[in-house]
Amino acid sequence: MSEQVSYDDVKPGAELPPASYPVTRLSLVKYCGASGDFNVIHWNERIARAVGLPNVIAHGMFTMAQAGRFVTDWAGPAVAVVEFGVRFSSPVVVPDDDIGATIEVSGTVEEKLDGNRVALALTARSGEAKVLTRARAVVRLP
Amino acid sequence: MAINRDYIGRTFPAAAPYEVSRVKIGEFADAIGDPNPLYRDRTAAQAAGYADVIAPPTFAIVISMAGSAPAIADPGLGLNYAMVVHGEQRFEYDRPLMAGDVVTAQATISDIRDAGRNVMVSTKTEISTVGGEHVCTAHSTLVERGGAA
């Protein structure tokens, strides 16, 4: 985790350092158990393909969690996340190998708001696909 | 089977109270691969001004899903879950969920609409402590692929 970012340090338009997060079939099994979302498309390749998906896909919420981690890692421990929203534009396809997939998250400071709040615009990609769009977090900084 | 539009605006009874535990938060943080000490170490959480370990922002989905499950799984709604993918998700937080919170989730189906060949079902779930403190509002949109009427 990084040092604490303060509101006064933040400049509109500034880029946040990008980060990459791995996702494997094991990640999805663990996420099924931890979240309670056992939708078969997240662990059963046979059914995932039968319903027209290219392979098993990650939970959208797993991808969103990586974007959340990106924000809290950048902001530091005293951040309060006020609002966090995403659109899942494309699935993160997770092959059954030892490598899995990678989720790459980047972001910029969209604007500084009152009450020490900062709006961040986020993007997440996996391979060629943009997996999150309209991803935005509003955080309150010290 | 087509989705039943009569369900728009329907509110489902709050799920049984959910007790947020340090163990569950740690399990969730492990599952998303986030090593943040605020999710595991009470001392670190207290240093940041919290009474106990806090949950990652997206942990609220665990509770909101439990709240919206009666709606999503209602056979009368007619959602084919194998064809469902998550379309959109947004949270508004009054504060983070934290260990020791006992919360309920009350879901309302806010919208059902076609988008091309798909149908989108949106829910709004209010998460509050049993003491009446509002903690989080979760807005979810599920997409049933090929489910348009």
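Two strands pair if DSSP finds at least two bridges between them; helices (H or I, at least four residues) and strands (E, at least two) are DSSP runs, numbered from the N terminus. This is a predicted model, where local features need pLDDT of at least 70, side-chain atom pairs count only at pLDDT 80 or more, and totals for chains, interfaces and linings use all residues. Residues are numbered from 1 along each chain as its sequence is written, and chains are lettered from A and ligands numbered from 1 in the order in which they are written.

First stop: select strand 2 of chain A together with strand 2 (residues 84-93) of chain B. The two run antiparallel, with 5 bridges joining them. Zoom in on A:Gly85, and you'll find B:Arg90 of strand 2 of chain B standing opposite.

Now widen the selection to the whole contact (C-beta atoms, placed from the backbone, within 7 Å). Chain A puts in 33 residues and chain B 29 residues. On the chain A side, helix 1 (25-35), helix 3 (60-75) and strand 2 (80-88) each give at least two residues. Colour that side by class and you get 20 nonpolar residues (Ala, Val, Leu, Ile, Met, Phe, Trp, Tyr, Cys and Pro), 5 charged (Asp, Glu, Lys and Arg) and 8 polar (the others, Gly among them).

Last, hide chain A. Chain B holds 3 helices and 5 strands, running β-α-α-α-β-β-β-β from the N terminus on. Its C-alpha trace spans about 55 × 30 × 20 Å along the principal axes. Within chain B, 73% of the contacts with a separation of 6 or more are between residues 24 or more positions apart.

Definitions and conventions
Two residues are in contact if their C-beta atoms, placed from the backbone, lie within 7 Å.
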